Amino acid sequence: MYLDIHKQTEEKMKKTIKAYKEELNSIRAGRANPTLLDRITIDYYGTQTPLNQISNISAPEPRLLVIQPWDVSVISQIEKSILKSDLGLNPSVDGKVIRLVIPQLTEERRKELIKVVKKVAETAKIAIRNGRRDANDQIKKLQKASEITEDEQKQAEEQMQKITDKYIEEIDNLLVQKEKELMEV
């Protein structure tokens with residue numbers, strides 16, 4: 001019975017890790033990566049559409065992204081959306097393509113980004129811990145309802161702690177990787 005609680009909680013934790021990885025990918029590290037533009041949407045015939053669904057985005061060089069919209073009429077909207085975003089990039093329209101030169105990060109900007117990455121990591125850890133707390137509450141309810149023994153409750157809580165530790169460690173490892181990536185010159 002409490003194994004179901006563990007499985008459900010672990011699924012939620014996996015989703016948290018996935019969201020955390022997506023968040024990390026959207027933080028620019030001075031290298032061109034098409035995932036930088038994943039959050040950009042364009043008003044395409046009255047519908048907010050992700051940029052990667054209406055164009056081809058490539059990184060032909062380490063510091064350059066090239067956006068080729070399939071419908072050339074949206075180039076100005078794409079340019080405006082990129083300028084409005086918090087990416088700090090200046091699009092250069094070149095006929096049917098948009099070029100985004102990714103500037104070298106300054107030391108100050110790197111430190112700011114590391115603070116952001118740490119904050120995002122802490123938010124992910126809080127979500128993981130909240131999952132553990134909710135699972136432990138469910139396990140305690142089972143024990144109070146005499147559906148499991150106190151020993152089973154202790155075992156279930158210990159197992160939940162091991163699962164939690166595993167995902168917290170994964171967040172820490174991803175954080176260390178991203179910090180290294182940000183500090184590369």
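A contact, for what follows, means heavy atoms within 4.5 Å. Counting contacts in the chain between residues at least 6 apart in sequence, 64% join residues at least 24 apart. One caution before I go on: this is a predicted model.

Now the layout. The chain has 5 helices and 6 strands. Going along the sequence, the order is α-β-β-α-β-β-α-β-β-α-α. The radius of gyration is 22 Å, well over the 16 Å that the globule rule gives for 185 residues, so the chain is more spread out than a compact globule. Along the principal axes, the C-alpha atoms fill a box of roughly 70 × 40 × 25 Å.

Next, the surface. Buried residues make up 39% of the 185 in the chain.

Two residues deserve a look on the screen. Start with Y45, in the loop between β1 (41-44) and β2 (47-50). Its phi is near 55 degrees, a positive value in a residue other than glycine. Is Y45 buried or exposed? The cut-off for exposed is over 50% relative accessible area; Y45 has 68% relative accessibility, so Y45 counts as exposed.

The other is S146, in the loop between α4 (107-144) and α5 (150-183). Phi of S146 is near 60 degrees, again positive in a residue other than glycine. With a relative accessible area of 63%, S146 is exposed.

Methods:
Residues numbered from 1 in each chain as written. Predicted model: local features only at pLDDT ≥ 70, side-chain atom pairs only at ≥ 80, totals over all residues. Heavy atoms only, no water. Helix = DSSP H or I, 4+ residues; strand = E, 2+ residues; numbered from the N terminus. Rg over C-alpha atoms; globule rule 2.2 N^0.38 Å. Buried < 20%, exposed > 50% of the residue type's maximum accessible area, 1.4 Å probe, protein only.
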